[in-house]
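Dear colleague,

Please find below the structure that I am handing over to you. My notes on what was found in it follow directly after.

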Amino acid sequence: MNWTDPAAIGYPVLFGGVLLGSIIPIVPTGAVVGAAAAVATTTDHLSLPLVIVVATLGAYVGDVVTFGVPRLGSEAAFRWISRRQPAERLEKARDQFTRRGWQIVVIGRLVPAGRIPVLLAAAALSYPWRRLLPAALIACVLWAVAYSLLGIVSGGIFDSPLIATLLATVLVLLVTVLLNLIARWRRNKAEAKEKTGDRA
């Protein structure tokens with residue numbers, strides 16, 4: 001491998017960052033994809049189609065691992081993966097999963113903080129591999145394309161790879177915050193309706 005070639009560094013970093021962040025949510029994977037897409041848009045160092053493919057593969061492998069480890073019966077692994085997830089979020093995901101199946105897998109990947117609870121709920125419910133794998137692939141493709149578009153937008157505004165990358169990162173973070181606020185608002189609204197229904 002030629003380490004002087006930016007592509008030789010960029011693709012492994014992209015794959016590794018997305019894979020790691022998909023298993024352990026400590027890496028902002030959306031920002032990594034957006035930044036890579038911005039670089040691909042403003043330079044010849046990376047190819048945009050390859051960025052999408054590599055990001056999809058990293059996310060897909062990470063999601064399969066996140067689902068597969070507890071699905072195969074490791075209680076310790078299930079506790080380790082779920083320790084940072086609120087119990088009520090896991091319960092809600094489990095309840096939704098029994099009703100809507102593969103749609104929840106796709107939505108869970110696209111909604112911030114929704115992916116891990118959904119995959120853990122799927123594992124706890126012994127959701128079939130034959131349904132999980134295609135649903136997860138569709139979800140990862142849509143996710144990679146969505147965050148790449150933010151990088152394309154920033155690359156289209158600025159010719160400088162550095163500025164485009166910074167803008168892509170900021171855009172991804174802003175979109176994530178916005179989606180979190182919308183999800184919280186909808187959750188609070190649903191809880192308020194449930195309380196009203198209980199009183200009635």
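How many cavities of 30 Å³ or more are there by the rule used here? The count comes to two. A cavity is defined on a 1 Å grid over the protein atoms alone, as a set of points where a 1.4 Å probe fits but cannot get out, and a lining residue has an atom within 4 Å of a point. Grid points are joined across faces, edges and corners, and a volume is the space filled by probe spheres set on the points. Rolling a probe the size of a water molecule over the atoms shows where empty space is left.

Please note that this is a predicted model, in which local features need pLDDT of at least 70 and side-chain atom pairs count only at pLDDT 80 or more, while totals for chains, interfaces and linings use all residues. Residues are numbered from 1 along each chain as its sequence is written, and side-chain values use heavy atoms, with hydrogens and water left out.

The chain as a whole

The chain has nine helices and zero strands; helices (H or I, at least four residues) and strands (E, at least two) are DSSP runs, numbered from the N terminus. Of its 200 residues, 39% count as buried, a term for under 20% relative accessible area, with a 1.4 Å probe and protein chains only. Among the contacts (heavy atoms within 4.5 Å) with a separation of 6 or more, 75% are between residues 24 or more positions apart.

The salt bridges

Two salt bridges are present in the structure, each being a side-chain nitrogen of Lys or Arg within 4 Å of a carboxyl oxygen of Asp or Glu. In one of them, the side chains of Asp-63 and Arg-109 meet at 2.8 Å, N to O. This pair links distant parts of the chain, with Asp-63 in helix α3 (residues 48–71) and Arg-109 in helix α6 (residues 102–110), 46 residues apart. The side chains of Arg-115 and Asp-63 also meet in a salt bridge, at 3.1 Å, N to O. Arg-115 belongs to helix α7 (residues 115–124) and Asp-63 to helix α3, so this pair ties together parts that are 52 residues apart in sequence. Shared partners join Asp-63, Arg-109 and Arg-115 into one network. Asp-63 and Arg-109 are buried, and Arg-115 is buried as well.

The second largest cavity

Which residues line the second largest cavity? They are Asp-63, Val-105, Gly-108, Arg-109, Arg-115, Val-118, Leu-119, Ala-136 and Ala-139. The space inside is about 30 Å³. Helices α6, α7 and α8 each supply at least two residues of this lining. By class, the lining has five nonpolar, one polar and three charged residues. Here Ala, Val, Leu, Ile, Met, Phe, Trp, Tyr, Cys and Pro count as nonpolar, Asp, Glu, Lys and Arg as charged, and the others, Gly among them, as polar.

Two further residues

Ser-148 is found in helix α8 (residues 129–157). Is Ser-148 buried or exposed? Ser-148 is buried, because its relative accessible area is 0%. A polar atom of its side chain lies 2.7 Å from the backbone oxygen of Ala-144. Leaving aside neighbours within four places in sequence, Ser-148 is in contact with Val-33, Ala-37, Val-51 and Ile-52.

Thr-29 lies in helix α2 (residues 29–42) and counts as buried at 12% relative accessibility. With neighbours within four places in sequence again left aside, the contacts of Thr-29 include Gly-17 and Trp-143.

Yours sincerely

Terms used. Buried < 20%, exposed > 50% of the residue type's maximum accessible area, 1.4 Å probe, protein only. Polar contact = N/O pair within 3.5 Å; in protein donor to acceptor, adjacent residues only side chain to side chain. 1 Å grid on protein atoms, 1.4 Å probe; cavity = no way out; pocket = protein on both sides within 12 Å on 5 of 7 lines; lining within 4 Å.
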